[in-house]
Amino acid sequence: MEVLFGENEQRKISFDSRVNNLIRIGRLQNSETDVVFMDEDVSRKQCILIYEDNNWYINDGDGENKSSNGTWFYPEKYFNIFENMIIRMGTTSFLCQFEQ
């Protein structure tokens, strides 16, 4: 994924689903957060990305509780991430792209 807007602009982040099928995103810097965005409007535990059945999914919050600030489009459940989808959290927006 590539950050398009926000304090982390132009930052590129890659995931290998063979190594890690759960990615935790937030503002909190600790062992439970895989990707940290230094954005005051991003929650400590903003969202999780899960790789399952050959697809990536996003869920707002930590999987049990919703984030304080929301992940725009506010998915109620796990939502399938598609190629070139833009996801916004706080003032940070990122583009999702997949490599085969």
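Leaving aside neighbours within four places in sequence, which residues is I81 in contact with? In this predicted model, the partners of I81 are L49, W56, Y57, I58, I87, C96 and F98. Find I81 in the structure and look at what surrounds it.

The largest nonpolar core has 18 residues. I81 is among those with the most contacts inside this core, along with I25, F37, I87, M89 and F94. β2 (22-26), β4 (47-52), β5 (55-60) and β7 (86-89) each give two or more residues to it. There is a general pattern behind such groups. In soluble globular proteins, nonpolar side chains tend to be buried together.

Now turn to strand β8, which spans residues 92-95. In a regular strand the side chains alternate between the two faces of the sheet.

Which strands pair with β8? One is β1, residues 2-5, which pairs with β8 in the antiparallel sense over three bridges. Another is β7, which also runs antiparallel to β8 and is joined to it by four bridges. S93 shows both pairings. S93 is the bridge partner of F5, and R88 stands opposite S93 as well. Follow the chain from β7 into β8. The two strands form a hairpin with two residues between them. In the turn sits G90, with a positive phi of about 60°.

S67 is found in the loop between β5 and β6 (79-80). Is S67 buried or exposed? S67 counts as buried because its relative accessible area is 11%, and the cut-off for buried is under 20%. What does its side chain meet there? The side chain of S67 makes a polar contact of 2.7 Å with the side chain of D60. A polar contact of 3.3 Å joins S67 to the side chain of Q46. Not counting residues up to four places away in sequence, S67 touches S43, K45, Q46, D60 and G61.

Charged residues come last. Side chains of opposite charge can pair when their charged atoms come close. How many salt bridges does the structure hold? There are three.

One joins the side chains of D16 and R18, at 3.0 Å from N to O. D16 is partly exposed, at 31% relative accessibility. R18 is exposed, at 74%.

Another salt bridge joins R24 and D34, at 3.3 Å from N to O. This pair links distant parts of the chain, 10 residues apart. R24 is in strand β2, and D34 is in the loop between β2 and β3 (35-36). R24 is partly exposed at 31% relative accessibility, and D34 is partly exposed at 34%.

E32 and K45 form a salt bridge too, with their closest N and O atoms 3.7 Å apart. This pair also links distant parts of the chain, 13 residues apart. E32 sits in the loop between β2 and β3, while K45 sits in the loop between β3 and β4. E32 is partly exposed at 41% relative accessibility, and K45 is partly exposed at 38%.

Notes. Residues numbered from 1 in each chain as written. Predicted model: local features only at pLDDT ≥ 70, side-chain atom pairs only at ≥ 80, totals over all residues. Heavy atoms only, no water. Core = buried A, V, L, I, M, F, W, Y, C linked by side-chain atoms within 4.5 Å. Buried < 20%, exposed > 50% of the residue type's maximum accessible area, 1.4 Å probe, protein only. Contact = heavy atoms within 4.5 Å. Polar contact = N/O pair within 3.5 Å; in protein donor to acceptor, adjacent residues only side chain to side chain. Salt bridge = Lys/Arg side-chain N within 4 Å of Asp/Glu carboxyl O. Pairing = 2+ DSSP bridges.
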